Every structure is written in structure tokens, then in C-alpha cells.
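Q: I am new to reading protein models, and I would like to learn how to describe helices and the residues packed between them. Could you take me through an example step by step?

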Amino acid sequence: MLVMIVVVFVICWAPMLIDNCLTAWQILDSERPGSILKHMYTAFTLMAYFNSCVNPIVYGFMSRNFRESFQKALCICWRKTPRRQLSVTQTRTASLRYGERSSSVLISHCAVSLQP
């Protein structure tokens with residue numbers, strides 16, 4: 001999968017990087033008004049951005065774990081009512097010891113229930 005990601009990256013980004021280098025070394029004209037080079041530069045830029053769109057597709061075809069996680073994420077987003085409700089309860093106690101006797105003292109108690 002890593003090799004495939006690198007190959008797609010090189011295919012998508014190489015034309016624009018080569019064009020930028022040739023323009024910086026003044027082998028290609030940087031002005032390009034109305035020439036085919038202007039349209040080629042636009043296509044190369046779109047190819048570079050297209051790389052970001054292709055990566056999830058490559059991950060989806062190459063990784064079963066990615067596909068399963070993506071399906072779970074979509075199921076959670078499309079579910080209308082949540083299955084579980086979050087409930088948080090927090091209690092703190094401190095123990096005091098006087099000689100041979102010990103006792104517990106309740107310091108604070110907080111119960112929070114989050115419901116949709």
C-alpha cells in the first residue's frame with residue numbers, strides 16, 4: 001500500500017514540480033499569455049490537488065482495516081438515535097486515621113448525566 005501511495009503521489013505532483021523548476025531556470029516562459037503552457041500548468045496544478053482525492057480511494061482498495069473503520073464511522077454518522085447514553089459519576093473520599101481508629105469522610109460528590 002505504501003508503494004502505491006508513493007507512486008500516485010509522484011504521478012500527481014511530478015508534472016507541476018518539473019514545470020516549476022523549468023520556469024525557475026527560465027527554460028519555459030513564465031508569462032505564458034494564451035499559450036498551451038498556461039493550460040498545461042493549470043492541468044498540472046489540478047493533478048496535484050487530485051492526489052488528495054485519490055488517497056482515500058487507494059486506502060479503501062488496499063486496506064481492509066481502513067474499509068471496516070470507514071464503514072463504522074459512516075454508520076455512526078447516519079444513525080438517528082444513539083445506542084448508548086453517557087453517564088458520569090465521580091466520588092472522592094479521604095481517609096483519616098487517629099491512633100488505632102480510622103474513618104472515611106466524603107469530600108465531594110458529583111453526578112453528571114449527559115443525554116441527547
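**Reading helices and their packing**

A: We can begin with one residue of this predicted model: Asn55 is found in helix α2, which covers residues 36-62.

Q: Is Asn55 buried or exposed?

A: Asn55 is buried, because its relative accessible area is 18% and buried means under 20%. The C-alpha atom of Asn55 is separated by 8.8 Å from that of Phe9, although these two residues are 46 residues apart along the chain.

Q: How does one describe two packed helices?

A: In general, two packed helices are described by the angle between their axes together with the distance between the axes. Here the axes of α2 and helix α3 (residues 64-78) come within 5 Å and cross at roughly 110°, which means that α2 is roughly perpendicular to α3. On the side of α2 the contact is made by Pro56, Tyr59, Gly60, Phe61 and Met62, while α3 contributes Arg64, Phe66 and Arg67.

Q: Which residues form the largest nonpolar core?

A: As a general idea, nonpolar side chains in soluble globular proteins tend to be buried together. In this model the largest nonpolar core has five residues, namely Ile5, Val8, Cys12, Val54 and Val58. Both α1 (2-24) and α2 give two or more residues to this core, and the largest share, three residues, comes from α1.

Q: Which residues does Val8 touch, not counting those up to four places away in sequence?

A: With those neighbours left out, Val8 touches Asn51, Val54 and Val58.

Note on methods: Residues numbered from 1 in each chain as written. Predicted model: local features only at pLDDT ≥ 70, side-chain atom pairs only at ≥ 80, totals over all residues. Heavy atoms only, no water. Helix = DSSP H or I, 4+ residues; strand = E, 2+ residues; numbered from the N terminus. Buried < 20%, exposed > 50% of the residue type's maximum accessible area, 1.4 Å probe, protein only. Axes fitted to C-alpha atoms, helices over the stretch in contact; angles between N-to-C directions. Parallel < 35°, antiparallel > 145°, perpendicular 65-115°, else oblique. Contact = heavy atoms within 4.5 Å. Core = buried A, V, L, I, M, F, W, Y, C linked by side-chain atoms within 4.5 Å.
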